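Here is a short briefing on a protein chain. Look at the strands first, then the core, then the loops.

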Amino acid sequence: MSIMCRVDDKNIPLYRIMWVAATPHFCGEEDCVREGCYEVRLEHGETVWANPVEQGEVLQQLESWQGGMGMSDDEDW
Ligand SMILES: [Zn+2]
């Protein structure tokens, strides 16, 4: 599977992702353009913003990616 995920029109390697927000951004500012988006924090303090669909996909990809890192029963080293 790919180790790249797509967020905000950027292809981001999964290993660069530090965390993904569990709840949508809300800061209360009237002109906020990120409201309803999910913060995705990358290395070096970079941030990208995922829409709800992308957030789901990123989490799913992260899970299967980490599941492939030596967690499975049928490994063949
Ligand atoms: Zn905001």
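Three strands form an open sheet in the order β3-β4-β5, with antiparallel pairing. β3 (17–20) and β5 stand at the edges with a single partner strand each, so one side of each has no neighbour in the sheet. From one strand to the next, the twist averages 25°.

**Basis**
- This is a predicted model; local features need pLDDT of at least 70, side-chain atom pairs count only at pLDDT 80 or more, and totals for chains, interfaces and linings use all residues.
- Residues are numbered from 1 along each chain as its sequence is written.
- Strands are DSSP runs (E, at least two residues), numbered from the N terminus.
- Two strands pair if DSSP finds at least two bridges between them.

- β4 (residues 38–42) and β5 (residues 47–50) run antiparallel, joined by four bridges.
- Arg41 stands opposite Thr47 in β5.
- Glu39 faces Trp49 of β5 across the pair, standing opposite that residue.
- Four residues lie between the strands of this hairpin.
- In a regular strand, side chains alternate between the two faces of the sheet.

**The core**
- The largest nonpolar core has eight residues: Cys5, Val7, Ile17, Cys37, Tyr38, Val40, Ala50 and Val58.
- Such a core is a set of buried Ala, Val, Leu, Ile, Met, Phe, Trp, Tyr and Cys residues joined through C-beta atoms within 7 Å.
- Buried means that 20 or more other C-beta atoms lie within 10 Å of the residue's own, with C-beta atoms placed from the backbone.
- β1 (4–7) and β4 each supply at least two residues of the core.
- Tyr38 touches Val20, Ala21, Pro24, His25, Trp49, Ala50, Pro52 and Gln55, leaving aside residues up to four places away in sequence.
- A contact here means C-beta atoms, placed from the backbone, within 7 Å.
- Nonpolar side chains tend to be buried together in soluble globular proteins.

**Two loop residues with positive phi**
- Most residues other than glycine have a negative phi.
- Asp9 has a positive phi, near 65°.
- Asp9 sits in the loop between β1 and β2 (10–13).
- Asp9 counts as exposed because it has 7 C-beta neighbours inside 10 Å, and the cut-off for exposed is 12 or fewer.
- His44 also has a positive phi near 65°.
- The loop between β4 and β5 holds His44.
- His44 has 7 C-beta neighbours inside 10 Å, so His44 counts as exposed.

Conventions. Axes fitted to C-alpha atoms, helices over the stretch in contact; angles between N-to-C directions. Contact = placed C-beta atoms within 7 Å.
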